[in-house]
Amino acid sequence: SEKIVVLCIFDYLLDNFNKEKASFDKTVAIAGNLSPQKSGYLTELLKNENRIKFNLYGPNFTSSTNNNDYVSYKGSFSPEKIPFVLEGDFGLVWDGDSSDTCSGMYGEYLKINNPHKASLYLASNFPIIVWRQSALADFVIRNNCGIIIDSLYEIAGILESMNEEKY
């Protein structure tokens, strides 16, 4: 029988990457397929009652809440270009229908998948925010490279209490 190999995290090679970090304003970047099927949680997130700043990157963004004081759609970029245009302080790895938990087919897949976007964020010098039940949670704990949450509604409290030194 064939053996399953745990890949851990994808390589994400960048040529001449030396981007200066803008000021620490607790902005969360979301990169990837932004379609309602894969990123249904965006509907709830875009109501943004927590007043967190989000920068969105990727194809298939369909929300009528295109831009406001807290949510900015920045466009879709190739994997080679996006690290150089990505703006924010954290990268969110979240899929599915809900802001409460990663649900639905894509959300459940995070239990066994290590999404390429996690490698993008880390290579771009962003700590990642991941679901506690995701396959990436242990990696984040072992490498102290991000925040683990059960619900997107936890982000505001965590970031509110975070200072630049802790970041």
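## Terms and model

A residue is called buried when its relative accessible area is under 20%, exposed when that area is over 50%, and partly exposed in between. At a relative accessible area of 40%, E108 is therefore partly exposed. The model described here is predicted.

## The sheet

Six strands form an open sheet in the order β3-β2-β1-β4-β5-β6, and their pairing is parallel. The edges are held by β3 (71-75) and β6 (146-149); each has a single partner strand, so one side of each lacks a neighbour in the sheet. On average, neighbouring strands are turned by 25° against each other, direction ignored.

Strand β2 (residues 54-57) runs parallel to β3 and is joined to β3 by four bridges. Within this pair, N55 stands opposite S72 of β3. Helix α4 (residues 116-123) lies across β1, β4 and β5, and runs at about 175° to β4.

## The nonpolar core

The largest nonpolar core comprises 46 residues. V28, I30, L56, L92, Y121 and I155 have the most contacts inside this core. Leaving aside residues up to four places away in sequence, I30 touches several residues, among them F54, L56, L92 and Y121.

## Salt bridges

The model contains six salt bridges. One of them joins the side chains of D25 and K53, at 3.9 Å from N to O. This pair links distant parts of the chain, since D25 lies in the segment before β1 and K53 in the loop between α1 and β2, 28 residues apart.

D95 and K117 form another salt bridge, with their closest N and O atoms 3.7 Å apart. Both D95 and K117 are buried. In the bridge between K111 and E108, the corresponding distance is 3.1 Å. Salt bridges with shared partners also connect K38, D95 and K117 in one network.

Technical notes. Residues are numbered from 1 along each chain as its sequence is written. This is a predicted model: local features need pLDDT of at least 70, side-chain atom pairs count only at pLDDT 80 or more; totals for chains, interfaces and linings use all residues. Side-chain values use heavy atoms; hydrogens and water are left out. Two strands pair if DSSP finds at least two bridges between them. Helices (H or I, at least four residues) and strands (E, at least two) are DSSP runs, numbered from the N terminus. Axes are lines fitted to C-alpha atoms, for helices over the stretch in contact, and angles run from 0 to 180 degrees between N-to-C directions. Contact means heavy atoms within 4.5 Å. A nonpolar core is a set of buried Ala, Val, Leu, Ile, Met, Phe, Trp, Tyr and Cys residues joined through side-chain atoms within 4.5 Å. Buried means under 20% relative accessible area, exposed over 50%, partly exposed in between (1.4 Å probe, protein chains only). A salt bridge is a side-chain nitrogen of Lys or Arg within 4 Å of a carboxyl oxygen of Asp or Glu.
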